[in-house]
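I had this one open for an afternoon and jotted things down as I went. These are my notes, in the order I looked things up.

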Amino acid sequence: MADTTLSSSRGIDLEAGAASRKRLISRIIIYGLLTLFALFYIGPLFVVVVNSFRPLQEISANGLLSLPQSLHLSAWPQAWGEFCIGGQCAGMQRYFWNSDHDGGPGDHHSTALGAINGYVLSKWKFPGSEIIFGMMLLGVFMPGQIALLPWAFLLGKLGLANSVYGLILVHCIQGLAFTTLFCRNYFIGIPDDLVKAARIDGAGFWRIFYKIILPISPPILIVTVIWQFTGIWNEYLFGVVLNSGANQPITAALVALSMSGTTVRSYDVMSAAVLIGALPPLLVYFFGGKYFVRGLTQGAIK
Amino acid sequence: MSTATYSTAVAGSTSFAEKLKKWVPIFVIAPSILASFIYVFVFAGWTFYISLSDSTLLPTYGFRGLENYISLWNNRRWGVAYSNLFFFSFFYVFAAMAVGLLLALLIDQKIRAESFWRTMYMYPLAVSFIVTGTVWQWLYNPTAGIQFLVNSLGWTDFEFALTTDRKNAIWAIIITGVWQSAGFTMALFLAGLRSVDGDIIKAASIDGASTFRIYRKVILPSITPIFLAVAVVQLQAAIKTFDLAVALTNSGPGISTTFPATYVYDLMFQRGEIGEGAAAAMMILAALAVVLVPYSLYLTWRRRKESGRG
């Protein structure tokens with residue numbers, strides 16, 4: 001800047017230079033590590049996407065981990081509609097729709113019930129409601145293995161054995177603990193005075209729910225819906241135990257698919273099938289990531 | 001308007017209607033309470049009873065005492081299952097926490113495009129263990145995956161065949177499990193790092209402490225509860241390990257990657273040993289209780305201490 005200050009600021013400049021060099025090195029290390037991990041993370045997804053567009057001969061010759069030399073689109077329609085899984089040659093579509101029919105209502109019912117439960121347990125507490133909440137919370141930690149035999153027995157009695165409706169019921173009740181937990185913890189942050197004032201004005205239970213609670217609940221409802229949808233879509237244990245054949249969800253079909261390849265594995269079609277199974281929750285994640293992550297962290301800490 | 005007409009209409013039969021209104025919340029929640037009660041207590045109780053019974057292919061109710069448990073613990077495969085569980089839990093929880101913490105610390109350095117990096121590390125959480133397991137199984141396949149690639153690049157002696165190697169197959173499950181869940185521990189750690197009081201950090205940096213020192217002496221010690229929470233969450237996930245083991249190795253080669261949860265499935269639905277399978281399921285519940293009961297007691301204790309102080 002000015003000549004007079006030049007000499008005196010020399011020392012500081014040198015020091016600043018060293019500091020900025022040090023900072024540059026640390027930045028390089030930080031971004032280098034971030035990139036390495038990013039490659040490690042994106043790698044498998046990249047491999048599946050690429051292989052779903054490569055001809056099988058090319059995969060057999062060059063392995064799964066090589067760059068594509070030609071584009072080949074037929075794996076996708078094959079995976080969707082023709083490929084043989086467990087003796088049935090109708091592709092993934094059937095199982096995809098099973099998971100969809102399971103995930104939709106299972107998601108909707110358990111979220112609606114969870115919202116009402118959370119509303120009661122936070123704004124209409126009654127003697128023993130805390131104990132009841134504690135009991136419902138235990139459901140969060142129940143290992144599925146404990147419930148396998150009882151569910152099989154109960155669904156048999158109800159005439160819902162080996163049906164998508166049976167799975168919907170299972171996922172609804174299993175999810176109730178989570179949805180109630182999410183909603184209750186959110187509603188507890190809504191000032192009680194708001195509810196009290198409405199009650200003095202003569203509003204009843206449902207009116208307060210619809211006019212006060214629901215309008216400020218979209219954030220938690222989105223979290224809950226996403227949590228339940230991805231959870232149900234990705235669930236495997238109940239799907240494989242309680243249902244068989246054409247009534248299984250997509251996760252069970254994927255396992256059957258990858259176990260069935262005894263001689264030549266059709267990696268091209270299998271890649272497309274895996275992506276069909278992964279796409280719905282991935283789309284939810286990429287579009288509603290914020291809510292997805294919030295659900296994960298809230299579900300964990302409590 | 002509608003409120004007014006509503007209340008005048010009710011006013012006639014005050015006592016009964018008012019009483020009824022009081023019960024609305026309880027009526028509304030009653031079905032959920034019943035369902036949860038059945039799900040948590042009746043189901044667990046029923047499975048417990050089956051574990052004491054002489055059930056084989058179908059549930060029967062002849063009482064056998066602890067015989068199913070005794071035969072389970074004498075079973076070699078159960079021995080493999082629980083030693084696998086210990087081995088897996090230790091390395092999986094440790095590595096998932098280490099990688100997650102490293103990622104959280106990296107992301108906490110005021111980096112550009114933070115949400116891009118976070119999205120990258122967390123996308124596996126959205127997909128199922130079945131999808132992850134299937135794809136990683138291909139990568140581990142020596143004739144198509146990583147080994148094939150390195151061999152074809154010229155290093156012909158290179159061997160990386162975890163899933164076909166009895167001794168090391170469990171490492172395949174550990175690596176893949178960490179890949180799937182490190183993003184989750186990262187998110188929890190990051191939330192913890194961000195919750196540390198900024199003034200303390202500022203004070204430390206004015207005192208001339210280096211970034212490294214600030215993390216070691218100020219930030220990390222103040223998030224020890226997060227470490228514990230993450231460890232507990234991951235540990236209970238490890239105890240329930242099922243999908244990943246099925247999709248990656250299907251308990252193989254041989255029985256080398258049997259886990260308690262996969263063994264329950266095997267006993268109940270492949271061998272028709274429902275009684276012993278129920279006993280194994282009860283052991284999983286017991287393992288979860290061993291982790292979760294002390295932890296929730298600790299949480300209650302800590303909360304009480306904090307509220308006592310405040």
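**Thr297(A) and its surroundings**

I began with one residue: setting aside neighbours within four places in sequence, Thr297(A) is in contact with Ala187(B), Leu188(B) and Ala191(B). I keep in mind that this is a predicted model. I looked up where Thr297(A) sits, and it lies in helix H13 of chain A.

**Chain A overall**

I listed the secondary structure of chain A: 13 helices and 0 strands. Read from the N terminus, the elements are α-α-α-α-α-α-α-α-α-α-α-α-α. The C-alpha box along the principal axes came out at roughly 90 × 70 × 30 Å. As for burial, 44% of the 302 residues of chain A count as buried. In the contact list for chain A, taking separations of 6 or more, 76% of the contacts come from residues 24 or more positions apart.

**Domains of chain A**

The domain assignment divides chain A into domain 1 (3-75) and domain 2 (81-301). I took the C-alpha centres of domain 1 and domain 2 of chain A and found 37 Å between them. How many residues of each domain of chain A are in contact with the other? I noted 11 residues of domain 1 of chain A against 8 residues of domain 2 of chain A. On the domain 1 side, the elements giving two or more residues are helix H1 (3-51) and helix H2 (56-62) of chain A. H1(A) gives the most there, with 3 residues. By class, that side of domain 1 of chain A has 7 nonpolar, 3 polar and 1 charged residues.

**Chain B overall**

I ran the listing again for chain B, which has 14 helices and 0 strands. Its radius of gyration is 26 Å, well over the 19 Å from the globule rule for 310 residues, so chain B is more spread out than a compact globule. The C-alpha box for chain B, along the principal axes, is roughly 90 × 75 × 40 Å. Of the 310 residues in chain B, 40% count as buried. For contacts in chain B between residues at least 6 apart in sequence, 68% join residues at least 24 apart.

**Domains of chain B**

Here the assignment gives domain 1 (15-51) and domain 2 (76-309) of chain B. The C-alpha centres of these two domains of chain B lie 35 Å apart. I found 5 residues of domain 1 of chain B in contact with 7 residues of domain 2 of chain B. The domain 1 side of that contact in chain B has 3 nonpolar, 2 polar and no charged residues.

**The nonpolar core**

I then asked for the largest nonpolar core, and it has 164 residues. Those with the most contacts inside it are Leu254(A), Ala273(A), Val274(A), Met186(B), Val264(B) and Ala280(B). Helix H7 of chain A, residues 164-187, supplies the largest share of this core, 15 residues.

**One helix as a check**

Last, I tested the geometry of helix H11 of chain B, residues 224-239. At 1.5 Å a residue, its 16 residues should span 22 Å, and the end C-alpha atoms are 23 Å apart, which agrees. The buried residues I noted in H11(B) are Ile226(B), Val230(B), Val233(B), Gln234(B), Leu235(B), Ala238(B) and Ile239(B). A reminder to myself: an α-helix has 3.6 residues a turn, so residues three or four places apart point the same way.

Note on methods. Residues are numbered from 1 along each chain as its sequence is written. Chains are lettered from A and ligands numbered from 1 in the order in which they are written. This is a predicted model: local features need pLDDT of at least 70, side-chain atom pairs count only at pLDDT 80 or more; totals for chains, interfaces and linings use all residues. Helices (H or I, at least four residues) and strands (E, at least two) are DSSP runs, numbered from the N terminus. A residue is buried if 20 or more other C-beta atoms lie within 10 Å of its own, exposed if 12 or fewer, and partly exposed in between; C-beta atoms are placed from the backbone. Two residues are in contact if their C-beta atoms, placed from the backbone, lie within 7 Å. Domain bounds come from an automatic or database domain assignment. Ala, Val, Leu, Ile, Met, Phe, Trp, Tyr, Cys and Pro count as nonpolar, Asp, Glu, Lys and Arg as charged, and the others, Gly among them, as polar. The radius of gyration is taken over C-alpha atoms; the globule rule is 2.2 Å times the number of residues to the power 0.38. A nonpolar core is a set of buried Ala, Val, Leu, Ile, Met, Phe, Trp, Tyr and Cys residues joined through C-beta atoms within 7 Å. The expected span of a helix is 1.5 Å times one less than its number of residues.
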